[in-house]
Structures are given as structure tokens and as C-alpha cells.
Amino acid sequence: MSPFETVTQAPADPILSITESFKADPNPEKINLSVGVFVNDSGVTPVLDTVREAEKVLAETNTTKSYLPMTGNPRYASLTQTLCFGDELAESLTGKIVTAQTPGGTGALRVAADFIKGNLKTKSAWLSNPTWANHKGIFSAAGLDTNVYSYFDSTTLSLDYSAFLESIMSIPSGDVVILHACCHNPTGADLSPEQWDEVANIASAKGWLPLLDFAYQGFGLSIEEDAYAPRAFAKAGLPLFVCQSFSKNLGLYRERAGALQIVVNNAEESTRVASQVKIAIRTNYSNPPAHGGAIVEAILGDSQWQTRWTEELDAMRNRIHEVRRQFVNALADAGVSRDFSFLKDQKGMFSFTGLTKEQAIALRTDHSIYIVDSGRINVAGITSDNLPRLVNVLKEILG
């Protein structure tokens, strides 16, 4: 008998498996609105000019392929802290932030989850309903129970703020609450600055731990405005986890560049926390990959490159906003009976369309338009070429 006889077939990833089906589809008019990557109007995920230039310099000046420290380069830590918290606040938190350079935002989430499970009295991780599909798997794999808090009204396709507040006020002290700092995935429904202030007050009063998944800084309103949430929690003097990703805003999807920021009370606490973060890293991947982090470090560390990168990021964000406007207007002009104007108010690449699972399956099987079963779409996947066909198919389905 084979030792692998008892291994069962795992279910396919709900998003990545759709991408595989899209790739295998021979239809030349197929449309992929499922996977979370930015594409330009030609349907290409571009390499940013600043990234390309930074890579050339790194190729010419790199002198070693030796391991990085377990938590990465100190300069990387300093630059990502500043991006997250701003110059003044980051400086005020000197000695109170533990930073780890991680393999993407997913790596940051897993290191945070392992640290929480191994060192805190936390029993449960609380996830928004709905949330990114991988959140539950990451925190469950680390050994934490997962629960959900109310967030989205599937009838109005908007944030249900009153239900959200009621939910988070009942979360036990010491539990960790995973919040989307901006561009909520999968709904695109974000909190306002005033609402974030109220959430920070609730976290302080109730004693639960905020963990911000910060994967889309710059894709919502701007680099500075999108950072309101982590800065509000830090200013309130709360313990805080922030998981940054540079996959989207620097286009470094395959380079796996991210950072975990942990805000603590004092330097002595920072030393102890850092020692345990290193254990979590050592027993997982040991050292972070260097190339993507070096690109981030080069761009954030050079004022001219950073300015040009900000302009490139602004262009990506503006494209997403414009696509939302064009999509809503095209649906209305085509006479589609359902009102999709809510799409204009949502932020980031993702939105819930309100389409049912059956309609999502029909889009894939009958029309080669690939969206996930929940009805979530990546609006960045809409281009000038595929918009007319997408609208015509939706009109056929919705009337």
C-alpha cells in the first residue's frame, strides 16, 4: 500500500482555479475579471518604468546573493514604516515598531498569525463578512479559530455600518480583528476617516487587537489618504498589526515583497516581540527573498524615483476610477434594468456586482467571461476592447 493512499483530493482554489480555466479557454473573446491583478487598457499587467530602472541599477551594483537577516534590511524597515505611518508619526514611534520584510502580504499575514498563536492569549481571529478568500485559511492554518463580523449589506451592495459597529462591539478582549485598511477585498466598500476614528475608539474600549491588511495603498484615494486607518490606530496608542503588500502598488506580484509592522508600547517590549517574530520566520521560510524588497527599497529611498512612482501609481488608480465610470454609464446607456451606480462609489480593483452564483457560472460557461461565484469582479480587467461585449452579455442576462 502506498503511504499516499490516504491523501484526498483538495478542493480547487476558488479564484486561482478560475484563472486556470480562463487560460485553457480557446475563445479569442474571453474576458478574465476574476484574478486580482491590475492590467492596463491593453489587458497587460505592466512593469512600472521606475521598477524597470531600479532593476537595471540593482543588476549593475549588486555584489552578493547572501542571505538577508531574518527580518530583512533595516533600511527597508524604515522606508516601509514611513510609507505606512508618514514621516512624523513613524519618527514618534521609533523604538515601538517591529518590522519584518516578508514574502508579500500573504507572508506578513502568516507571520502575524503564527506570532499571535504562539505568544498571545488570543483565541479567535475575526474576519469581515465577506473577506478575501485566503484570510480564513491563513489564520486557521496557524491554529486560530475564525469568526466573522458583519460588514456588507448584500441587498444594497454597500457597507452596513450599523451592523458592523454592533458586531465589533461584541468581540471579546484579546481577540484579533482583521480589517481592510482600504479598497476592501472583495466588496470595494470602505470606511470613512470619521468611521475609522470610531472603530479605533471601540478597539481601545473593548481591548481587541486590530490587524490591518494593507494590500492596496494608493489604489483607493491616494497614498496618504489610504493610510488613514493605520495612522488613526497608531495615534490612538493602540497595539497594532499592519500587513503591507507591494504587489499591486509597485506591480511586484511575482517578486513577493511585503512587510509586517507591529506597533508595541515601548522599546523593551519591542525587543521581546522581535525575538518571537524571528522564531516565526525561522521556522517558516527562514529569510525573506531579496530582489523584490531591494526594488521597494531603491524606489522609496530615492526622492526622484519615489515621485515618479507616485505618478505611475496615480495613473493606475485613475484608470480604475475611469473604468468604473465607463462601465456604469455603458450599462445604463445599453438599457440594463439594474442600477449599477454603486460601482462608482467603491474603491480599488474589486466590487460585488450582485450577480448570483448561477449567473456567474453562466457567464463562464456560456460566454467565456470569468468572474468568481460570489459575483465579485476585478474592474481593472475591463478594457476598451472588451467593455462592449461585457455590457451586451450582461444586458442579455439581466434584461
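## The largest pocket

In this predicted model, the largest pocket is lined by 27 residues, of which Thr106, Trp132, Asn185, Tyr216 and Lys248 lie nearest its centre. A pocket here is an open set of points, on a 1 Å grid over the protein atoms alone, with protein on both sides within 12 Å along at least five of seven lines, and a lining residue has an atom within 4 Å of a point. The volume of the largest pocket is about 640 Å³, a volume being the space filled by probe spheres set on the points, which are joined across faces, edges and corners.

Helix 5 (104–119) and helix 6 each supply at least two residues of this lining, and helix 5 gives the largest share, 3 residues. By class, the lining of the largest pocket has 14 nonpolar, 8 polar and 5 charged residues, where Ala, Val, Leu, Ile, Met, Phe, Trp, Tyr, Cys and Pro count as nonpolar, Asp, Glu, Lys and Arg as charged, and the others, Gly among them, as polar.

## The largest cavity

A search of the whole structure finds 3 cavities of 30 Å³ or more, a cavity being a set of points where a 1.4 Å probe fits but cannot get out. The largest cavity holds about 50 Å³ of space, and among the residues lining it are Leu33, Phe327, Thr353 and Leu394. Its lining comprises 9 nonpolar residues, 1 polar residue and no charged ones.

## The sheet

An open sheet of mixed pairing is formed by 7 strands in the order 2-10-9-8-7-3-4; strands (E, at least two residues) and helices (H or I, at least four) are DSSP runs numbered from the N terminus, and two strands pair if DSSP finds at least two bridges between them. Strand 2 (97–103) and strand 4 are the edge strands, each pairing on one side only.

Strand 3 (residues 124–129) and strand 4 (residues 145–150) pair in the parallel sense over 6 bridges, with Trp126 opposite Asn147 in strand 4.

## Basis of the values

Residues are numbered from 1 along each chain as its sequence is written, and side-chain values use heavy atoms, with hydrogens and water left out. Local features need pLDDT of at least 70 and side-chain atom pairs count only at pLDDT 80 or more, whereas totals for chains, interfaces and linings use all residues.
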